[in-house]
Amino acid sequence: MCVTPAAHAQKKPVSSLCTRDNALDTAKQQILITRTFDNPVHRITVLLRAADLLWPYDQEKSLAAFMEAFDLAVQNFKEKGDQTERASSSRLSAVIQLPDQRFTVISALAKRDPARARKLAERMLQDDARDVADKSATDDQSKRLTADKLLRMAFDLVPTDPATAINFARQSFRYPATLQLPIFFYQLARFNQPLADQFYVDALNAYGAAPMDQFLYLSAYPFANTREAGEMPGYTFYAVPDGFKPNRALQRQFVQALLARCEAAMELPVQEAPAYRYSDHAQMWLALMRLEKQVQSELPDLADAVARSRDKLFALLTPNAQRGVNRVITNDSTPKKSFDEQVEAAEKLTDVAQRDQSLTFAVTGSSKDEPVDKVLSVIDKISESGIRDSLLNWFYYFRTQELIKNKNLVEARKFASKVNELDQRAYLFTRIAEESLKAGDDQTETREMLNEVANTIIKGPKTIVAARALLALAHLYAKVDMNRGVEELGNAVRTINAIESPDFSRQFVMMKIEGKGFGSYASYSTPGFNPENAFREMGKLDFDGSLAQATNFTDKSLRALTTLAVIEPCFATIRAPKTVKP
């Protein structure tokens, strides 16, 4: 007989220490403890967590913590400015933008006090405007970054507070438009399309006269397109929400605005574009070309005007510019090479490094439907062993993720066992075990898998990925064996203590494949368990034991955050529970 996970779960009696008064005192203590931290970002993180927990019970203390965090964030930005880091030491590696802590604080405060958060943001933006007044060389880039930060903050607020999200997004209108704007459109539409449509009209009014490198960021949303109609300074493929319905009125407004801009541009000389960019005239032509079929289908009364403007604009372009835009359109219509065609083209290259690069890109871009044996045979053709090993790990990792997603857990386990990086393998096994428990699979097999995870982690390196796997392992074990769960929680703490500067703030890890003259990078998601949510869940089962484990962290911020996580449920407990005599 199969026993469900719930039947094995062991929950200790509620601790007498788990009361609201004790929780309030503990949260206030953590605020004081932050003043001993050396790292301002760690200090801000704990202050925000404590402030958020205190808000319903002591707004004065909570607000003081929020403002202390903001002052620290302002000082940190003044000293260090916008910060980035690379995914690896390679000059080809991906550059990651680190969070601006000022926006982190404002975003947290906005969930509790939107009006105060807006005032704080306004004051900050005014201060920034004064600071960059004498920095004309970097002013544009600084403004784009500010727009991105505002829109990312707005993006995060959409699910819980669309009105506040729109207020912050609207503040971005004073800055150049970036690709974060259409990302926000679609995020808002995911929850409330009429609201998103209205916000789009506001954005069209704000950027109606902006250069085409900004204006055309408005070209995707009305047509439910995944890309802009122009060649933008930065681009991505947008995720159009399920059930999204293109708004014919917005399509008309955008196309009419574009045609008006075209008419005005024809009266002006064609400006020279910076290197690797396109003039406004060229961008307009590209936009008209790319939208032509949709205009013919959705707005047939504007089709002739689009065709006339397109032809007139093309005649104004220099021969070089004409060749350039024609190449873009030709590339648009060129069918993407199949996996077999990419491999065939790569094998014809005589330069070994270029051949390895092309084969690598064929594999990393391959469909999940490509037969496994075929992909493995291509990986085997790569001459450099370092690239080959990294690519094998890449392939097995992402193919396992797909199998887990499709609930094919038997095959997922086979593929996960072939992932060479032991911490990544362990993480995958915890995902498989978690899905097995949800499905109520045979507990004996699940226990075997959990034991395999534990053995894999012992052999592997001590990394953030390994730590996440151990935290997940502790929680999964607790569902079937509480004592083993607490034991693994202790192992997780010891592993984290062995990591230099452990950072769980990101829910992803960069995977890299680097060869001679090229690099391929992808972020793989590691959602779920970090110290906070692991201790929160374990604390519900064993409050005293989890609280004791939290004190074993050597990192002060992790000690504070996990303590706050364990006590969080206690805020709902007004007085100490009665002890039951045996």
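Analyst: Taking a disulfide to be a pair of cysteine sulfur atoms within 2.5 Å, the count comes to one disulfide. The partners are cysteine 18 and cysteine 570, with an S to S distance of 2.0 Å. The pair links distant parts of the chain, since its members are 552 residues apart. Cysteine 18 is in the loop between helix H1 (5–8) and helix H2 (20–33), while cysteine 570 is in the segment after helix H26 (556–567). Here helices (H or I, at least four residues) and strands (E, at least two) are DSSP runs, numbered from the N terminus. A disulfide is a covalent bond between the sulfur atoms of two cysteines. The torsion about the S-S bond of cysteine 18 and cysteine 570 is about -110°, so this disulfide is left-handed.

Some remarks on the source of these values are in order. The model is predicted: local features need pLDDT of at least 70 and side-chain atom pairs count only at pLDDT 80 or more, whereas totals for chains, interfaces and linings use all residues. Residues are numbered from 1 along each chain as its sequence is written, and side-chain values use heavy atoms, with hydrogens and water left out.

Burial is judged by relative accessible area: buried means under 20%, exposed over 50%, and partly exposed in between (1.4 Å probe, protein chains only). Cysteine 18 counts as buried at 8%, and cysteine 570 is buried at 1%. Cysteine 262 is also buried, at 0% relative accessibility.

The wider chain gives the context. It has 26 helices and four strands, and 48% of its 582 residues count as buried. A nonpolar core is a set of buried Ala, Val, Leu, Ile, Met, Phe, Trp, Tyr and Cys residues joined through side-chain atoms within 4.5 Å. The largest such core has 173 residues, and Leu218 and Phe254 are among those with the most contacts inside it. With contact meaning heavy atoms within 4.5 Å, and neighbours within four places in sequence left aside, leucine 218 is in contact with residues including Leu181, Tyr200 and Phe254.

Beyond residues up to four places away in sequence, threonine 400 touches Ala412, Phe415, Ala416, Leu428 and Ile432.
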